[in-house]
Structure formats: C-alpha cells, structure tokens
Amino acid sequence: MKFNTKTIHGGQEHDPAYASVMPPIYQTSTYAQSTPGGHKGYEYSRTHNPTRHALERALASIENGNYGLAFGSGLAAIDAVIKLLSSGDEVISTNDLYGGTYRLFTTIFEKFGIKFHFVGMESADNMETYINENTKLIWIETPTNPMMNVIDIKAAAKIAKAHNLMLAVDNTFATSYLQQPLDLGADIVMHSVTKYLGGHSDLVMGALVVNDKALAEKLYFIQNASGAVCGPQDSFLALRGIKTLHVRMQRHCENGRAVAEYLVKHPKIEKVYWPGLEDHPNHDIAKSQMKDFGGMVSFVTKGNSYEDAIRIVEKLKVFTLAESLGGVESLAGHPASMTHASIPKEEREKTGVVDSLIRLSVGIEDVEDLIADLKQAIG
C-alpha cells in the first residue's frame, strides 16, 4: 500500500458493531466484564481505548512501523522515552531543538541524574566525541526547530548501532509524508501530533512509533503507568487529520518554496533558512532523505534588530502571530520570546536563534496572499 493510500486506510478496519467507516468515539472510561477478567479486549480507557487504538494503528502504518503509541502531548511522548533511562545514563541531543524539549531535559530529568550533551550534528561524526559507557540514547530533530538544520539520519543510525545506542528522531517538522526515520535506521520516531498530523490547530497530542516488540512493550508500560494518554475525542480528530496529511503537505511544500524564494530576494532580509535552498547546509542530505522540503521557513532581517522582528510579526494580517505550527493556517512566531524563551539567551544565540529570527509555518492559503502579507509587513 502506497503512502497516500495509507493515510486513509492504513491500519484501519470498519467498526465491528455497525461497520461505520470512521472509528466511533468511544467516550467511556470503563467496559463491562462478564466475569472478572472476562472482557472483549478493553477494560479501562487509560490502558486501552478503541478510538485511540485505531489512531495508534494508523500512526504505525504511515511510519512503516509495527507499534504506535498516542500520548496527551508531544512532551508526554518524549517524557516516556527518557523514562526508559536510569540515573547516570547520558543522552546526546542536537543543540538546536524545540525549547520545550530542552526544558524537559534540563529542568526535569537532569535533577534525576541523567546527563544531556547538546551537540551540533550538521556532521554526525560530532557525536563520537561525547559517546562513553554511560551513553544510552541519541535524540535528534531533523529539520531542527527553528534553524531548519538537517541531520543525516542514516549516519546517526550507523553510529548508534556501532555503540549499541537507541536513536530517537523527532519527525514533527518533516512528517511521515516527507521522511520515514525507521526506514533510515532509527529505533523510535516521535511526533507532536498537535502540528502537521492533526493539521487543524484543534488538538494537543504526541506519538511514538517503533518496530521492536520489546521496546514497544516497555513504552506501553510507561504510557499506562504514567497515565500520559490522549482522550478519544482528540484521537478521532487526529485520525481525521491524518487522512488529509498527504494533500496538505503537498501544498505546505509548494507554498513554503514560494515564500522562501521570495524572502531570499528581499533586500531587507539577511538570511533565509529552508532545507530546499541549494545553499542550505546539508541540502544534499535533505534531498536524499526527504521527499520534499516542508512548509517551515525561518529568516533574519538585516541589522539583526529585535525591534524590526517584533514590528514585522505584529503587522502581519494573513499570518497569525501564535505559538505552534503545522495547521492549515499560516502562523508566525518569534522564537527568542516565544517557543524558545526557556533556553538561556547565550545558548540560543550559539545555534543562531538570535533576537531578529522569525519562524514561519506556511499554511495552505493562496500563496499570492501570503507573499503580499509578508511584503506589507516587512516593508
């Protein structure tokens, strides 16, 4: 089954009760038993729920994985992965990553004795310096948030396997439409389903997909024991979103390219970050592991002025100034004061997250309207 068909049919079956085409919303906390332990596969909705189960099958299908897990948020999914570790273990993470991930690593898990190394991974070999007997996990985003750095998943997987480490890939920006990390050697794929998979800015959810049964069982145990699950209503919305992922991503990519090319030519723009640009670092790797280059674009204005960045995002009319990304509507953000404010200024600026950086989530509107909006806001 090809990808576009998987988004609609992958892992899905008609509901056995009335053969409904869409899985029903099983809005229930518990299930009747004929005798203690005698049930039809479901006993309590924290552990299993038919609507969430349908979503988890769909998530596994579009990532070419065997097991999917849906969580109450992307951070809850990441939390479950780190809970596989123990005090004294070490993690190698990319140094340019979502601020919430950085906050979770440094303010929650470091105090439990887990050590994190934040490394520039434009060359995967940079990881080798930090690997020791305590290293257990490599955590990467690609493209990264918000600098759009591209990391070679195959190269990272080769290093991980050589040292018997787990490799987890945050696939939120690319989505499974553009790249499939399990096929490239990753052990765990993570999504903030809130973003492109949901696609309509109306839910908060996270997901993990794996191939290994033993790893899946550990994660299912953590998911259930920690109670970090999503509800049936959100599961239904995410399933609906996945069914249009392929057509939405096509337009996100088309519009992203047009916006990036417009900004590159703008006399007031200093630098544009989008993996599809030929001068983008690791553009060739992006071409080799991605089907297209996505709808996330970041840029800085000439003069590196905080005031200019704020003026631009406040003047936008079609783009909405808001947190998050990946919805059908275009959003604009100022990472230094919004999504990445939890990262200390000196650490942010080491990776390029300067005060003049603006991040765009390019939606699926008419691209001429988007460019006109940027034109009037930038001036």
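Q: If contact means heavy atoms within 4.5 Å, which strands does helix α4 lie across?
A: Helix α4 (residues 99–109) lies across β2, β3 and β4. Relative to β3, the helix runs at about 150°, with axes fitted to C-alpha atoms (for helices, over the stretch in contact) and angles from 0 to 180 degrees between N-to-C directions. Helices (H or I, at least four residues) and strands (E, at least two) are DSSP runs, numbered from the N terminus. Keep in mind that this is a predicted model, where local features need pLDDT of at least 70 and side-chain atom pairs count only at 80 or more, while totals for chains, interfaces and linings use all residues. Residues are numbered from 1 along each chain, and side-chain values use heavy atoms, leaving out hydrogens and water.

Q: What makes β2 and β4 a pair?
A: Strands pair if DSSP finds at least two bridges between them. Strand β2 (residues 90–94) and strand β4 (residues 135–141) have 4 and run parallel, so they pass that test. One of the bridges joins I92 to I138 in β4.

Q: What is the strand order in the open sheet?
A: The 7 strands go β1-β7-β6-β5-β4-β2-β3, with mixed pairing. β1 (67–71) and β3 (115–119) each pair on one side only, which puts them at the edges. From one strand to the next, the twist averages 20°.

Q: Why is the pair of Y102 and F118 called tilted?
A: Rings of Phe, Tyr and Trp (its six-membered ring) pair if their centres lie within 6.5 Å; planes under 30 degrees apart are stacked, over 60 edge-to-face, the rest tilted. Y102 and F118 have centres 4.9 Å apart and planes at 40°, so they're tilted. The pair links helix α4 to strand β3, parts 16 residues apart in sequence.

Q: What kind of aromatic pair do F116 and F118 form?
A: A stacked one: F116 and F118 are 6.5 Å centre to centre, with 20° between the planes.

Q: How do you know whether Y102 is buried or exposed?
A: Buried means under 20% relative accessible area, exposed over 50%, partly exposed in between (1.4 Å probe, protein chains only). Y102 has 13%, so it's buried. F116 has 6%, so it's buried too.

Definitions and conventions:
Contact means heavy atoms within 4.5 Å.
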